[in-house]
Amino acid sequence: MPAPHTLDGWYVLHDFRTIRREVWKETDPHTAAAVLRDFGAFVQGELEAQRARLGSFGQFVIAGTKADLLFLYMRPTIGELNDVKARFEATRLADFTERAYSYVSVVELGGYLAKPGVDVEQDEALQLRLKPPVPEMRYVCFYPMNKRRTHPDNWYMLDEDERRKHLMAHGQIGRQFAGKVKQVISGSVGLDDWEWGVTLYADDPIHFKKLIYEMRFDESSARFAEFGPFYVGEQVDAEGLTKWMMTLHG
Ligand code: 76R
């Protein structure tokens with residue numbers, strides 16, 4: 001059976017960081033403020049790149065203790081993602097962080113429900129979905145996932161028609177959350193440890209729970225989905241990050 005056709009967009013790096021509390025709290029308040037001011041310039045640059053449609057950027061304070069912060073970047077190439085990583089590491093703030101988790105993937109649109117005869121390069125809506133800016137929504141939810149490959153629920157042994165049928169039902173649930181949850185699916189077969197990364201945005205995090213719970217009862221998730229760790233966070237601008245970091249500083 002041939003693999004289904006996919007459209008692939010920008011490469012994505014989810015970079016989860018935890019603050020080195022001991023060193024951060026020991027820093028004198030003037031230095032701490034300067035570190036955050038300098039970091040504001042990095043953020044400014046990333047937001048300008050996003051406005052110029054050269055990439056995407058978002059920063060989030062993560063709930064729970066798996067990580068403190070998420071920096072989300074998208075770029076047309078892995079090389080450019082590596083440049084952003086280096087520029088982040090060059091900031092003074094980076095020295096106060098350690099790596100909690102990271103994920104590399106590429107924005108993916110599945111071909112199952114694609115309309116034939118569309119010129120991808122000229123279709124503005126498709127281009128926006130392949131190169132999605134981080135929306136101005138307050139919350140993010142990220143997790144990696146697989147489609148199961150064990151008998152009798154091996155997704156990869158299903159006929160294409162059967163997979164399409166499952167994904168249509170799946171998409172129907174998704175569309176009930178239109179306007180409430182924005183989703184970006186990125187493929188990571190050959191790029192990272194799971195097969196897809198799921199990034200969801202919403203203004204109310206209860207919609208993450210409701211959407212994902214609905215999907216659990218749908219066959220495409222109930223039979224075929226396996227999930228990695230879940231992260232949920234709140235989007236912050238430079239000022240919001242500074243405020244949070246100074247609260248942590250004490
Ligand atoms: O309508 C369309 O054009 C797209 C229909 C669609 C496909 C093909 C769709 C819609 N998804 C598709 C593919 Mn999805 N999606 C997930 C998760 O938590 C879980 O149970 C699964 C994680 C969520 C929350 C989600 C949300 N989707 C896929 C694939 C690829 C499968 C493959 O190619 O084999 C995965 C891994 C996946 C996972 N999906 C939607 C949503 C939502 C909210 C929608 C509706 C989007 C919209 O109409 O705007």
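Helix H5 (residues 160–175) packs against helix H6 (residues 206–216) at an angle of about 155°, and their axes are 10 Å apart. Here helices (H or I, at least four residues) and strands (E, at least two) are DSSP runs, numbered from the N terminus. Axes are lines fitted to C-alpha atoms, for helices over the stretch in contact, and angles run from 0 to 180 degrees between N-to-C directions. H5 and H6 are therefore roughly antiparallel to each other. Angles under 35 degrees count as roughly parallel, over 145 as roughly antiparallel, 65 to 115 as roughly perpendicular, and the rest as oblique.

This is a predicted model, in which local features need pLDDT of at least 70 and side-chain atom pairs count only at pLDDT 80 or more, while totals for chains, interfaces and linings use all residues. Residues are numbered from 1 along each chain as its sequence is written, and side-chain values use heavy atoms, with hydrogens and water left out.

H5 passes H6 in a right-handed crossing. A crossing is left-handed if the near helix is turned anticlockwise from the far one by less than a right angle, and right-handed if clockwise. On the H5 side, His170, Ile173 and Gly174 meet Leu211, Glu214 and Met215 of H6; contact means heavy atoms within 4.5 Å. The contact of H5 with H6 has three nonpolar, two polar and one charged residues. In this classing, Ala, Val, Leu, Ile, Met, Phe, Trp, Tyr, Cys and Pro count as nonpolar, Asp, Glu, Lys and Arg as charged, and the others, Gly among them, as polar.

With five residues, H5 gives the most to the shell around the ligand. Strand E5 (139–147), H5, strand E6 (181–187), strand E7 (196–202) and H6 each supply at least two residues of this shell. There are 19 residues around the ligand, and Tyr143, Trp155, His170, Arg175 and Ser221 come nearest; a residue is near a molecule or strand if one of its heavy atoms lies within 4 Å of it. By class, the shell has twelve nonpolar, five polar and two charged residues.

An N or O atom in the side chain of tyrosine 143 is 2.6 Å from an oxygen atom of the ligand. For serine 221, a side-chain N or O atom is 2.6 Å from an oxygen atom of the ligand. In the case of histidine 170, a side-chain N or O atom is 2.9 Å from a nitrogen atom of the ligand.

Helix H2 (residues 29–51) takes part in two further helix pairs. The axes of H2 and helix H8 (residues 238–249) come within 10 Å and cross at roughly 155°. H2 and H8 are therefore roughly antiparallel, and their crossing is right-handed. Among the residues in this contact are Leu36 and Phe39 of H2 and Leu241 and Met245 of H8. The contact of H2 with H8 has nine nonpolar, three polar and no charged residues.

The other partner is helix H3 (residues 78–90), whose axis comes within 10 Å of that of H2 and crosses at roughly 160°. Phe39, Phe42 and Glu46 in H2 meet Val84, Arg87 and Phe88 in H3. This contact divides into four nonpolar, no polar and two charged residues.

Two loops complete the tour. Proline 152 lies in the loop between E5 and H5, and a cis peptide bond with omega of about 0° joins histidine 151 to proline 152.  Arginine 53 lies in the loop between H2 and strand E2 (56–62); although not a glycine, arginine 53 has a positive phi of about 60°.

Key. Polar contact = N/O pair within 3.5 Å; in protein donor to acceptor, adjacent residues only side chain to side chain.
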